[in-house]
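Please view the sequence and the model together before turning to the points below.

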Amino acid sequence: MDRQPTEPSAFSHFLSTNRSAEPDYVVHGPGGDVIAAKWHRPASRTAKEVVLAQDTVMYHVGGSTSVAKFVDGRCIGTRSHHGSVTVSPRDERSEWIRGGVCEVMHVYIAPSLKLRYADENLACSAAPEIDPIFAVHDPWLQGYFVMLQSEFETFGGSGKCPDALLLTQSIELLIR
């Protein structure tokens with residue numbers, strides 16, 4: 001099992017800090033766990049002071065670009081542009097200030113996926129750590145998330161659950 005009882009899922013953490021607003025959609029993996037979600041995050045100030053069960057990769061779809069991230073009281077960045085990608089490691093304690101509603105897609109990466117990737121592709125026995133990044137513009141990542149969003153919204157519209165096949169088949173590309 002990936003998580004300890006004291007480690008809430010990244011999805012449940014974001015749900016609890018989203019002022020009772022449900023995500024636009026949720027993508028479930030083969031085991032039923034949430035592996036992705038699309039959110040409208042409200043203007044607010046939130047803190048992540050716990051270790052989560054997964055790392056979170058965030059794609060800024062639209063809305064406010066007034067997003068600031070603080071780690072250990074130090075400002076990491078203040079503008080998240082549409083199409084940018086942010087990575088929040090599961091153990092990073094951070095504070096976020098959003099100046100308006102921000103539309104964002106999350107992909108949650110379980111430690112077991114990183115470990116499997118390491119076992120199959122790297123000469124090490126430990127799962128690689130994912131470095132934090134804030135609002136990075138990367139054409140490959142932007143293309144990847146546009147493709148995921150298109151897939152989820154095309155095949156998961158009208159209240160249906162989006163199909164996780166594309167994400168589960170390509171997650172190693174994202175980890176790499």
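The model is predicted. Its largest nonpolar core has 23 residues, and helix α3 gives the most to this core, with five residues. Helix α4 packs roughly antiparallel to α3 and roughly perpendicular to α2.

**Nonpolar cores**

- The largest nonpolar core comprises 23 residues, and those with the most contacts inside it are V107, I109, F145, L148, F152, L167 and L174.
- Both strands and helices give two or more residues to this core: β1 (25-28), β2 (34-41), β4 (55-63), β7 (85-88), β9 (102-109), α3 (139-155) and α4 (165-175).
- Among these elements, α3 makes the greatest contribution, with five residues.
- Beyond its neighbours within four places in sequence, I109 touches Q54, D55, V57, K114, I130, I171, L174 and I175.

**Helices α3 and α4**

- The axes of α3 and α4 are 12 Å apart, and the two helices pack at an angle of about 170 degrees.
- Because angles over 145 degrees count as roughly antiparallel, this value makes α3 roughly antiparallel to α4.
- On the α3 side, the contact is formed by W140, L141, Y144, F145, M147, L148, E151 and F152, which meet L166, L167, S170, I171, L173 and L174 of α4.
- By residue type, this contact of α3 with α4 divides into twelve nonpolar, one polar and one charged.

**The buried side of α4**

- The buried residues of α4 include L167, S170, I171, L174 and I175.
- These residues lie on the same side of α4, because they cover an arc of only 160 degrees around the axis.
- Their packing partners are β2, β4, β9, α2 (111-121) and α3.

- In α2, the residues P111, K114, Y117 and A118 are buried.
- Viewed down the axis of α2, the buried residues fall within an arc of 125 degrees, so they line one face of the helix.
- The elements that cover these buried residues include β4, β9 and α4.
- The axes of α2 and α4 come within 10 Å and cross at roughly 75 degrees.
- Since 65 to 115 degrees counts as roughly perpendicular, α2 is roughly perpendicular to α4.
- L113, K114, R116, Y117, E120 and N121 in α2 make contact with I171, E172 and I175 in α4.
- The residues of this contact of α2 with α4 divide into four nonpolar, one polar and four charged.

**Two residues in strands**

- V61 belongs to strand β4.
- V61 and H81 are 20 residues apart in sequence, and their C-alpha atoms are 8.7 Å apart in space.
- Leaving aside its neighbours within four places in sequence, V61 contacts K38, H82, E103, V104, M105 and Q149.
- H28 belongs to strand β1.
- H28 counts as partly exposed because its relative accessibility is 35%.
- H28 and D163 are 135 residues apart along the chain, with 7.9 Å between their C-alpha atoms.
- Neighbours within four places in sequence aside, H28 is in contact with D33, V34, I35 and A164.

Conventions. Residues numbered from 1 in each chain as written. Predicted model: local features only at pLDDT ≥ 70, side-chain atom pairs only at ≥ 80, totals over all residues. Heavy atoms only, no water. Core = buried A, V, L, I, M, F, W, Y, C linked by side-chain atoms within 4.5 Å. Buried < 20%, exposed > 50% of the residue type's maximum accessible area, 1.4 Å probe, protein only. Helix = DSSP H or I, 4+ residues; strand = E, 2+ residues; numbered from the N terminus. Contact = heavy atoms within 4.5 Å. Axes fitted to C-alpha atoms, helices over the stretch in contact; angles between N-to-C directions. Parallel < 35°, antiparallel > 145°, perpendicular 65-115°, else oblique. Nonpolar A, V, L, I, M, F, W, Y, C, P; charged D, E, K, R; others polar. Arc of directions from axis to C-beta.
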